[in-house]
Amino acid sequence: MDVGGAGEDFFSGLCKAADITPNRSFECDANGWDHYIEFLSSGEALSKPLFEAKIQVKSTLKKNNFVQIDLQNMLKLSTYRYPSFIIYLKFIDGSPTPYQMYIKHIDEIIIESVFDKVSKVRSERGQVNLRKHKMNVKFSEDELILNINGTALKERLETLVKTKIKYYIKNKSDFLDRLEKKHNKISLYFNVLEPDIDIMQNAFLGFGEPITIRNLSISTIDLGLKEKDLSQPSEDASIIVIHDYNEKESAVLTFSGGIKSPKYNFICKFINSPINSFVPKEKIKVRFENKFFDILMNIHSCTLLFSFKITKNEAYDIDELYKALYLAHDLDCLSVFNKLTISLGKQQIKIRLPRFELGLNFEYELARLETIKYIKNDVKDFDQNIKISLNELSAISERVSFIQNLLDKKALIRLEFTSNNLKDEHPIASIFFISLGLPDVSYCYVAVILGRVKYKDDDRYQLITNDISIIDSLVIKDEIVTDKDLIPLIEEYEKNYIDTHNVVRQESFLV
């Protein structure tokens, strides 16, 4: 029995019965797939998207729940941007119909295992024919289709994809780009005029001065499939940064101190210099890159070189900016943070931090950000994703300082007004709004000034008091708000004081 041919024929018939178009490959296994299928996706939309996928059909007379597929075909199935599947059919000898059918989606887990396998083979054996190397593909009970018919096949295909094809393609493309960056290898061959390991290490990690080289030759291995010669013979050239770092998963850097001290986590990109493979162990350096800082680290001695890169014009998330400034400020005086834990995969490195002379004093900015952080948590309906730059923070600094004094009940306000009908037995009450304009939103505290008149000149009164209470808060998202816009609100607040106080209004109650 030609079980392979039986499987191909059965799958074609299954597709046709469910209005699936099975475009069959004329070259058996040449491109990693046997059928290119198409059908209209389910749903009620008038313009239904076309479901497209590549299928490899595997058939057997054995009872095994796995099949061997060569790496060449697995790699082609994995790098196809549309969905890819393996259909596994189990036959009894002589029967044209399988008694079991499995379907495996070539998902991110499978793709990553294929890339790992290909890279391992290439690194161990060099330029080899991947068709001669096999990979076991196992099938679980979850991948079994109980009702062997075209409708069940179509439903399972759509269930496994989970999203619209256009989103699937984008997500898979992004994932493949990340994997290719991780697995592509670049080889450099060159001579250095005056070799200095430290200078070379820093250059390859993106720090320090460029290095002058001669006779540069570059070759790249692309996922173990092919090798390209990118040689650029030259008398001399400069390298500042080589972008094919041996990047691992993101590292988490945790700065901590005593039991009651805060712990600040920063996610960083880990960069491992290619030169580390042939330098003495005491010269091995790596880099941790974050949007706020870079750290150059000697692995042997655990010494660190910090470089903060916070700019005044770039807007950052308020909480993240506070953490970064707090870290930079604290490393100068070592008042809180004296421990660093680096988590990279399953590895952990713990370092006792010395005092760094960074010359970074952010005491002023931290005080203002602390107030804004308090406001962000205190105000109802506050936009949690507000970003701010250091320049913007400087521009609103006086306003933030006033609000902090208001919150601490340290603000002193002089109120002047004209009136000819004050009741002497009642104290003064005056509502005002204090706004804090942040990017895309303004925050307002509603406050009431209370007290008794201390000075009178005819119908002109003056009140100096620190009896100021915050009675409400709100968020204003309109670009321009005037006193007139706030009159309905202020009238509602004044109702609470009209019977017991002389309620007066300032000429402008939006401060």
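This is a predicted model: local features need pLDDT of at least 70, side-chain atom pairs count only at pLDDT 80 or more; totals for chains, interfaces and linings use all residues.
**View 1. Phe39 and Phe51 form a stacked aromatic pair.** The structure holds 23 aromatic pairs, and in this one the ring centres of Phe39 and Phe51 lie 4.6 Å apart, with 15 degrees between the planes. The pair links distant parts of the chain: Phe39 belongs to strand 2 (residues 35-40) and Phe51 to strand 3 (residues 50-60), twelve residues apart. Phe39 is buried, with a relative accessible area of 2%. Phe51 is likewise buried, at 3% relative accessibility.

**View 2. Tyr322 and Tyr326 form a tilted aromatic pair.** The centres of the two rings are 5.9 Å apart and their planes meet at 40 degrees, so the pair counts as tilted. Both residues lie in helix 7 (residues 318-333); because Tyr322 and Tyr326 are four residues apart there, about one helical turn separates them. Tyr322 has a relative accessible area of 7% and is buried. Tyr326, at 18% relative accessibility, also counts as buried, because the cut-off for this class is under 20%.

**View 3. Ring pairs link a set of Phe and Tyr residues into a cluster.** The members are Phe255, Tyr264, Phe266, Phe293, Phe306, Phe308, Tyr322, Tyr326 and Phe337. Tyr322 and Tyr326, the tilted pair of the previous view, are thus shown here among the other rings of the cluster.

**View 4. Lysine residues lie over the faces of Phe266 and Tyr322.** Lys323 is placed over the face of Phe266, at 4.8 Å from the ring centre. Lys373 lies over the face of Tyr322, at 4.9 Å from the ring centre. Phe266 and Tyr322 both belong to the cluster of linked rings.

Conventions: Residues are numbered from 1 along each chain as its sequence is written. Side-chain values use heavy atoms; hydrogens and water are left out. Rings of Phe, Tyr and Trp (its six-membered ring) pair if their centres lie within 6.5 Å; planes under 30 degrees apart count as stacked, over 60 as edge-to-face and the rest as tilted. Helices (H or I, at least four residues) and strands (E, at least two) are DSSP runs, numbered from the N terminus. Buried means under 20% relative accessible area, exposed over 50%, partly exposed in between (1.4 Å probe, protein chains only). A charge sits over a ring if NZ of Lys or CZ of Arg is within 6 Å of the ring centre and within 35 degrees of the ring normal.
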